[in-house]
Amino acid sequence: MRNFIKIFSMLSFFGFYTVDAQQVVKRDTLSGTELVMTMDSHVNDAISSLEEKCSRVAVNNSVIDYETPVRPTKIFVPNRELTNAEVCRKNPRILGYKIQITTVKTNDEANEVKAYFRKRFPNLKVETDASLRPNYKILAGSYFTKQSAASDLSRVREYFKSAIAVQYRIFCAEAK
């Protein structure tokens, strides 16, 4: 009998519980692209009323007036490509390029290659990446693009034939 009551109460609960979901199309405020969402009509009404209040708020003599519509502030998005200095100001570490000189098996070999490289190219910063243990990558320089790494890469290839430019996280301040 108890099981029957439990089953009956669960069925009655789910029988009366209905969700009125509808497809809602909203516009993005920055680019104006459409966003399609499925939500309950009550939630959509609540969000719409909040958006209307936000767009109508205006300050007049330190009194909030909900009746006068006010345009939302426009966010300026530049239509040009940002300079390296502007990118670096926002992100000190970005995805750029490094020259992978070679990959070696031990730390001692890595130190030997780094010492040899420093003798040949004293103006390029060289480092070891041990993320592929037991192998070690020897990396040099920091560049924003593959094209900016091309001149140094051609000089490095005279001594290290297997050198290539690889994508890597770099510090903006060090990059060329």
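Buried means under 20% relative accessible area, exposed over 50%, and partly exposed in between, with a 1.4 Å probe and protein chains only. Helices (H or I, at least four residues) and strands (E, at least two) are DSSP runs, numbered from the N terminus.

The model is predicted: local features need pLDDT of at least 70, side-chain atom pairs count only at pLDDT 80 or more, and totals for chains, interfaces and linings use all residues. Residues are numbered from 1 along each chain as its sequence is written, and side-chain values use heavy atoms, with hydrogens and water left out.

**Stop one: strand E5.** Select residues 93-104. Nine of these twelve residues are buried, so E5 is largely enclosed by the rest of the structure.

**Stop two: the partners.** Two strands pair if DSSP finds at least two bridges between them.

Zoom in on Gln100. It stands opposite Ile164 in E8 and opposite Leu139 in E7. Move to Thr103, which faces Lys137 in E7.

**Stop three: the whole sheet.** Show the open sheet of four strands, in the order E6-E7-E5-E8, with antiparallel pairing. E6 (126-129) and E8 stand at the edges with a single partner strand each, so one side of each lacks a neighbour in the sheet.

**Stop four: helix H5.** Select residues 146-156. H5 runs at about 20° to E5; axes are lines fitted to C-alpha atoms, for helices over the stretch in contact, and angles run from 0 to 180 degrees between N-to-C directions.

Terms used. Contact means heavy atoms within 4.5 Å.
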